[in-house]
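Please look over the sequence and the structure below before reading on.

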Amino acid sequence: MKIKLEEIKEKYISLGVPEKNVEYALNAVKSGTKKDFILKNLTSDIRKVEATTANSMLDEMFAANGGEFKYENRGGYLYSIFYLIAIVGLGIVTFYFSKENRSMQFKFGSALILFIVLFFRTFIPTIRGRFRE
């Protein structure tokens, strides 16, 4: 993978794109920055890279790195795991209070239902690849 990205870097440096701009684009692609944001920065008045050149360079870099949305669903999995841990904890606490105090059981049960809803609202879109932060 690194050889492919290095080849792309050399290609666009030989086409006349300044090395600092190619480095910026390469680092931004590796970190998972959105393509529109990188493109906006490359075509700004400071960097002055042509839009067509920047667009084709980013397309090649994203293809070599695994796609534009490679890191997109990462937050969805993290939130889903957090909600699942909260569901298990609240479930245990809710059933513990089931014999002692009805008021506490209702409060923890309500929180349990809320976390179940939040879990499914993040987990299902994440599985489908549509979770956006």
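Glutamate 19 and lysine 9 meet through their side chains in a salt bridge (4.0 Å, N to O), a term for a side-chain nitrogen of Lys or Arg within 4 Å of a carboxyl oxygen of Asp or Glu. This pair links distant parts of the chain, with glutamate 19 in helix α2 (residues 19–31) and lysine 9 in helix α1 (residues 2–14), 10 residues apart; helices here are DSSP runs of H or I with at least four residues, numbered from the N terminus. The model is predicted, so local features need pLDDT of at least 70 and side-chain atom pairs count only at pLDDT 80 or more, while totals for chains, interfaces and linings use all residues. Residues are numbered from 1 along each chain as its sequence is written, and side-chain values use heavy atoms, leaving out hydrogens and water.

**Salt bridges**
- Glutamate 23 also forms a salt bridge with lysine 9, where the closest N and O atoms are 2.3 Å apart.
- Lysine 9 counts as buried at 10% relative accessibility, whereas glutamate 19 is partly exposed at 47% (buried means under 20% relative accessible area, exposed over 50%, and partly exposed in between, with a 1.4 Å probe and protein chains only).
- Lysine 11 and glutamate 60 meet in a salt bridge at 2.9 Å, N to O, and this pair links helix α1 with helix α4 (residues 51–65) across 49 residues.

**Helix α5**
- Among the buried residues of α5 are Tyr83, Ile87 and Leu90.
- Leucine 84, which is found in helix α5, counts as partly exposed at 43% relative accessibility.

Conventions: Helices (H or I, at least four residues) and strands (E, at least two) are DSSP runs, numbered from the N terminus.
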